[in-house]
Amino acid sequence: MNKYLLEIGTEELAYKFIPSAMNQLKEEFTKSLTEYSINFADIKVYATPRRLAVIIEDLPEQQKNTKKVFKGPIISIAYDENGNLSKAATGFANKIGISPENLYKKDNYVWAEIEQKGQNVKDILKVIVPEIILKLKGTHFMRWADLDIKFQRPIRWIVSIFNNEIVEFELANVKSSNISRGHRFSQTDVKINNPDSYLESLEKANVIADAEKRKQTIIRLAKEKAKEINAQIVIDDELLEEVTFITEWPVPVICSFDEKYLQIPEKVAVTVMAVHQRYFPLYKDGKLLNKFITMSNYTGSTFENIKAGNERVVTARLEDAVFFVQEDTQKPLKDYINDLKGVTFQKGFGSVYDKTLRIITLSEAIAKQLNVPFDTIKRTAELCKADLVTKLVFEFTELQGYIGADYALRSGELQVVADGIKEHYFPLNADSETASSIEGQVVGIADKIDTVVTVFAEGRKISGSQDPLGVRRAALGILKTVLHKNLNINLSQLFMQSIELMPVNIEDKDKLFNTVKDFFDQRLVIFLSDKYSHDVLEACISEKDVLSDLKDFILRLNIVSDMVKRENYSKFHEAVNRIIRLIKNEKSFSGVDSDLFNSPAEKSLWNEVKNIDESKLSYVELEEKLFNIIPFITEFFDKVLVMDKDEKIKQNRLSLLNVVKQKYTKIADFSKIVF
């Protein structure tokens, strides 16, 4: 079968754009080929800093012939009183280019069917490929020369071949061809004879175009190089991806720096190497070495200049770090607290010092709810933001918390306080760990609640592209911490307390509370959607303040998830939802008067229901009792007319059903379950 290759050659692309562009290319080609009814077996995407490439497998030569059906006027308009086609019908036929006698009747309308002959696939590619390239989206797109189009970086060459034939088009003053380019240092033109030879041809020119192969090559080469000096390498996924997308031909080089720089906090040295310089730190027996691996994008055989250049750069950065540490540690961490008064948290919402005071107050409330000692939690809350005004954190902002922990220990603070300072920022992202210390958990929750409430108190909007102060991450961090650490706290109560602590006048505190609560409810559903079905989540969250007791919410989720799997759930579902439908429009209910019963079915149901005290039963016990009364509910509906002509009897029966409903809603709103 046929294969098509597209390669877009550019100046060096921003590495963060490349994975997104790969996904977009696959999605857009899939969408366009489907719209044109062109079958294909697979779409493979490749990328380096200087190219984005697509290979589409098993394409036909010719697009399928297609039939298009057009709906015309209604019969009464399409024909006159003599049964002849009207001007409306003939006009419809002429408009779509068929003879009027080829119209046909169906479903009280006239219709037309046109068979369209499939086009040559190469001709279609000439049209859709430039459109797809220009559909790519990302940040920092640019114009160059005097062109009107924008792309992430200037386009320098385009390879476009169908088997061994060039599919010609022009974009950005560049004509497509079968000539690619090798590694920048080689300056080699590479003729691509066909899509099957693409990867091999480029590799001969020092380009590994397959990103996954390049990534695995980096891992293998780095480990082999580390082994040469009896060292170990810990490969961070984010760093690995970045290095993968800034190299075409990765070659490892071992570099070193003076051992004296190991005296600074390890996290600082690692950040300098991995985050700022894209180096892989090396370890021996779990301890950081004064050596690292840089993955050069190089085709030569001499590395002295590469080694010297990287060592010079890292030494300068580490020297800065040493200076900052020496300056910062001339006074204890607690002496930085007062400096927070000069740092604005959010305009109108006080300084970071003011935020710290709110964190202390909220932390105390959480500690009381958990019934845990407050002394170390309070100290953690007092110091948790102090490192923000140190020189080292000003230079390395990503180290906030880590530096605070190190400086706390240097200042003689307890280890648990230092751990809490570091961990109160946890989790750092959706996949990272939560705080292990109670100090980090409590202070972290207090800090994040204050941040979320502040954002909503400001009236700022949360959208797909806007996440002020990272409130989505903050909410997720709170929920993960509470659930993973099994903390029995009332978040709703804390939200209201946080609102009361806001340093601005809030006219409608209840409205703000509901906004914050709804936001957390939404994040909670999203967070748990991998484990529980959406309808079960909605059923258990409906009309309940689940944030006041997340442990209870999880218990009910597990119970309902098991309930819907039971063989007799269909009868349960039918009975419960019949009750819900009957009483949903009733606004008030009186007490149940057994003297008004005139059917044994009423009495039987009442006798069963009134003996169920849901306040004293576990959810498992309540579940069993609720399943056991289903036959009595079924019998009630079979033998009793709820909407009796006698208003008293009718209201009494509705009240009985409401009592039954309350037993079920203790667990969930089963009307939300899709069954």
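User: What makes Asp508 a cap on the N-terminal end of α18?

Analyst: In this predicted model, a side-chain oxygen of Asp508 lies 3.4 Å from the backbone nitrogen of Asp510. The cut-off for a polar contact between N or O atoms is 3.5 Å, so the 3.4 Å of this pair falls within it.

User: How far does α18 reach from its first C-alpha to its last, and what is expected at 1.5 Å a residue?

Analyst: Helix α18 (residues 509–528) has 20 residues and reaches 28 Å, close to the expected 28 Å.

User: Which residues of α18 are buried, and what covers them?

Analyst: The buried residues include Leu512, Phe513, Val516, Phe519, Phe520, Leu524, Val525 and Leu528. Lys517 and Asp521 are also buried. The cover includes α15 (438–457), α16 (471–484), α17 (491–501), α19 (534–541) and α20 (550–563).

User: Which residues of α3 are buried, and how do you know where on the helix they lie?

Analyst: In α3 (residues 87–96), Ala89, Phe92, Ala93 and Ile96 are buried. Seen down the helix axis, the buried residues of α3 fall within an arc of 95°, so they line one face. An α-helix has 3.6 residues a turn, so residues three or four places apart point the same way. On the other side of α3, Lys87, Asn94 and Lys95 are exposed. Among the elements covering the buried residues are β4 (66–74), α2 (75–78) and β6 (109–116).

User: Is Asn371 buried or exposed, and why?

Analyst: Exposed means over 50%, and Asn371 has a relative accessible area of 71%, so Asn371 is exposed. Asn371 lies in the loop between α10 and α11 (375–383) and has a positive phi of about 60° although it is not a glycine.

User: How do you know whether the peptide bond from Phe426 to Pro427 is cis or trans?

Analyst: Its omega is near -10°, and the bond is cis. Most peptide bonds are trans. Pro427 is placed in the loop between α14 (415–423) and α15.

User: Why is the pair of Tyr46 and Tyr198 called tilted?

Analyst: Planes under 30 degrees apart count as stacked and over 60 as edge-to-face, with the rest tilted. The planes of Tyr46 and Tyr198 are at 45° and their ring centres 6.5 Å apart, so the pair is tilted. The pair links distant parts of the chain, with Tyr46 in strand β2 (residues 42–48) and Tyr198 in helix α5 (residues 198–204), 152 residues apart. Buried means under 20%; Tyr46, at 9%, is therefore buried, and Tyr198, at 0%, is buried as well.

User: What makes Phe257 and Tyr261 a tilted pair?

Analyst: Their planes are at 55° and their centres 6.5 Å apart, so this pair is tilted too. Phe257 is buried, with a relative accessible area of 4%, and Tyr261 counts as buried at 4%.

User: How many residues has the largest nonpolar core, and which have the most contacts inside it?

Analyst: That core has 91 residues, and Leu491 and Phe670 have the most contacts inside it. Its largest share, 9 residues, comes from α15. Apart from it lies another core of 54 residues, among them Met273, Leu392, Ala405 and Ala418.

User: Which residues does Phe670 touch, and which rings are linked into a cluster?

Analyst: Leaving out residues up to four places away in sequence, Phe670 touches Val560, Met563, Tyr569, Phe572, His573, Val576, Asn577 and Tyr664. Ring pairs link Tyr569, Phe572, Phe627, Tyr664, Phe670 and Phe675 into a cluster.

Key
Residues are numbered from 1 along each chain as its sequence is written. This is a predicted model: local features need pLDDT of at least 70, side-chain atom pairs count only at pLDDT 80 or more; totals for chains, interfaces and linings use all residues. Side-chain values use heavy atoms; hydrogens and water are left out. Buried means under 20% relative accessible area, exposed over 50%, partly exposed in between (1.4 Å probe, protein chains only). Helices (H or I, at least four residues) and strands (E, at least two) are DSSP runs, numbered from the N terminus. The arc is that of the directions from the helix axis to the C-beta atoms. Contact means heavy atoms within 4.5 Å. The expected span of a helix is 1.5 Å times one less than its number of residues. A polar contact is a pair of N or O atoms within 3.5 Å; within protein, one must be able to donate a hydrogen and the other to accept it, and residues adjacent in sequence count only if both atoms are side-chain atoms. A nonpolar core is a set of buried Ala, Val, Leu, Ile, Met, Phe, Trp, Tyr and Cys residues joined through side-chain atoms within 4.5 Å. Rings of Phe, Tyr and Trp (its six-membered ring) pair if their centres lie within 6.5 Å; planes under 30 degrees apart count as stacked, over 60 as edge-to-face and the rest as tilted.
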